[in-house]
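I opened this entry to look up how the strands pair and where the nonpolar side chains gather. My notes follow the display.

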Amino acid sequence: MKGANSDETKTVDSLNYQKRHIDFKSLTAEVNTTQQTLYKLGYIENEAYPIKKVNDSTFSVKIALKRKFNSIQIYYDNTTLAPSMLKSFSKRITNDYFEIPFHQIEAILGGINQDISEKGLPFSKLRLSEIEVKNNRTLHAQLVVDSNQKPRTIDDITIRGYEKFPRSFLKHYLKIKPGQVFYLSTIKRKTEQLANLNFAEQLKSPEVLFSKDSTILYVYTKKTNSNAFDGFLGFGTNEDSNKLEFDGYLNLNLTNNLNFGESFRLLYKSDENDQKTFESNITMPYIFNSPIGIELALRIFKKDSSFTTTNQTAKINYQINPKHRIALGITSSESSYLQSTTSLTLRDYNSNFFTISHQYNNLQASNLLFPVKSHFNIEIGTGKRKTESDSEKQTLLTLNASNIFNLNAKNSIYLRTTGSYLQSDNYFKNELFRFGGINSIRGFEENSLFASLFGIINTEYRYQLANTVYIHTIFDAAYFDNKITSVQQKLFGFGFGFGLLTKAGLFKLNYANGKNENSNFKLSDSKVHLSLTAYF
């Protein structure tokens with residue numbers, strides 16, 4: 001093939017057309033294909049002359065390219081297409097037309113048509129009419145949208161795989177329900193949020209069945225093992241007696257066993273300081289198929305023979321979207337001093353707090369070891385504490401936030417901060433926050449520290465040896481203030497850990513050594529914790 005001149009011949013040669021053919025029919029088809037390629041490049045006036053026979057095995061054809069059009073101005077109806085919709089396709093947009101490179105016509109019109117289809121018109125078609133030459137390098141044309149239909153709406157939703165999947169989660173969690181305009185891309189994005197549920201997962205992308213007068217959406221889900229039983233055994237040496245002491249807890253979580261998305265948690269903890277904790281919690285989302293859920297909790301704490309404290313909590317929550325939830329609640333507490341002798345720091349009291357909280361969760365379902373990438377929960381409460389002789393206004397603030405910074409596929413940094421603050425004119429020891437141990441600052445006895453204000457930063461450098469095995473460092477720092485004893489201290493914990501995910505569950509081993517800012521490391525400060533979380 002040759003062009004009308006040397007420059008045109010270079011353009012034709014750059015197309016890398018096939019030069020060898022088995023017959024004349026194949027040769028003719030190659031000429032036609034080359035012309036079509038030139039059309040798409042902007043040579044819409046190109047003309048192929050008759051094929052000439054040079055000898056028995058060689059043929060020649062000349063293609064005159066003529067003018068090349070670099071761009072096209074497409075006029076459109078802005079009541080059908082919004083100018084904002086065209087911003088991703090064109091850099092030059094007015095209320096009457098938009099301009100695009102000529103060689104991108106097919107791709108851009110396809111993209112526009114896809115956007116129209118995803119906005120409830122899945123059978124729409126686009127075409128250009130009234131195509132005219134504006135100048136030697138530019139064309140203009142009229143865009144015609146052939147839809148001949150009203151926007152499609154979802155008439156029915158069919159769940160396949162996990163047929164008992166709670167439909168209230170479709171309506172209020174995924175925000176998908178019959179009667180909505182059918183936006184395919186939006187539906188795909190919403191169903192991906194199934195990965196944030198711990199009792200179900202998406203098997204594949206949703207599908208849709210169109211008939212003449214209905215649109216049926218198919219969602220494919222699978223029920224996953226969401227019940228969990230975990231516990232840990234901790235041991236260390238007593239600072240006074242130098243004897244080995246043990247502590248631990250048992251924690252049972254039951255989720256979605258009734259196929260309503262409900263959860264139930266039961267915890268029993270026995271600490272080495274003769275402290276016992278019992279907790280139960282039940283969460284019921286989307287009561288009566290409404291966007292409102294409720295949460296009820298009971299917590300009983302006993303400190304040797306000194307006092308017992310009972311907390312009861314009731315919350316009403318609203319799921320804004322799969323990641324954000326807000327809640328309003330009330331917490332009632334009652335504490336009893338168990339000794340017969342009088343104490344200045346331990347008193348009988350009861351209190352009531354009205355609370356508001358906000359929670360954020362972001363999961364990374366593809367990581368089996370660390371499924372929660374980010375977590376944030378803040379709660380503010382205000383109320384009164386009452387004794388036999390007086391009443392005291394109080395304010396409560398708690399914070400729990402964490403994030404995993406993924407450096408690459410194997411290396412990550414885990415950062416967590418927790419803290420609580422109780423504002424009051426005076427304090428009792430049995431109402432102070434208790435912290436220390438595997439779930440707060442590591443290297444210290446469980447719940448051995450009392451404070452009216454504390455803040456903790458936990459950090460870990462994690463290295464994944466495999467998809468199911470990792471090792472990590474431990475560096476914790478904390479500050480606490482005890483208004484009763486007028487003690488303010490900084491605490492530090494150092495150590496390392498190991499995690500292994502097996503069919504039986506997640507096994508963890510942590511060793512940490514703790515100290516305060518005024519002391520050196522001691523053997524008695526070291527703590528070792530073994531924990532196992534089993535899913536069923």
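**Strand pairing and cores**

I started with β10 and found that 5 bridges join it to β12, residues 215-223, the two strands running parallel. The model is predicted, so I kept in mind that local features need pLDDT of at least 70. I then looked up one of the pairs: isoleucine 157 has leucine 217 of β12 as its bridge partner.

Next I traced the sheet. It is open, has 3 strands in the order β10-β12-β11, and its pairing is mixed. I noted that β10 (156-160) and β11 (200-210) are the edge strands, each with a single partner, so one side of each lacks a neighbour in the sheet. From one strand to the next, the twist averages 20 degrees.

I turned to the nonpolar cores. Which residues touch the most other members of the largest one? They are Leu81, Phe98, Ile112 and Leu143, in a core of 21 residues. I listed the elements that give two or more residues to this core: β5 (71-75), β7 (97-101), α3 (105-118) and β9 (138-146). The largest share, 5 residues, comes from α3.

I then looked up the contacts of leucine 143, leaving out residues up to four places away in sequence. Leucine 143 touches Ile74, Tyr75, Tyr76, Leu81, Phe98, Leu109, Leu126, Arg127 and Leu128.

Last, I recorded another core, apart from the largest one. This other core has 19 residues, including Tyr162, Leu170, Leu174 and Val219.

Terms used:
Residues are numbered from 1 along each chain as its sequence is written. This is a predicted model: local features need pLDDT of at least 70, side-chain atom pairs count only at pLDDT 80 or more; totals for chains, interfaces and linings use all residues. Side-chain values use heavy atoms; hydrogens and water are left out. A nonpolar core is a set of buried Ala, Val, Leu, Ile, Met, Phe, Trp, Tyr and Cys residues joined through side-chain atoms within 4.5 Å. Buried means under 20% relative accessible area, exposed over 50%, partly exposed in between (1.4 Å probe, protein chains only). Helices (H or I, at least four residues) and strands (E, at least two) are DSSP runs, numbered from the N terminus. Contact means heavy atoms within 4.5 Å. Two strands pair if DSSP finds at least two bridges between them. Axes are lines fitted to C-alpha atoms, for helices over the stretch in contact, and angles run from 0 to 180 degrees between N-to-C directions.
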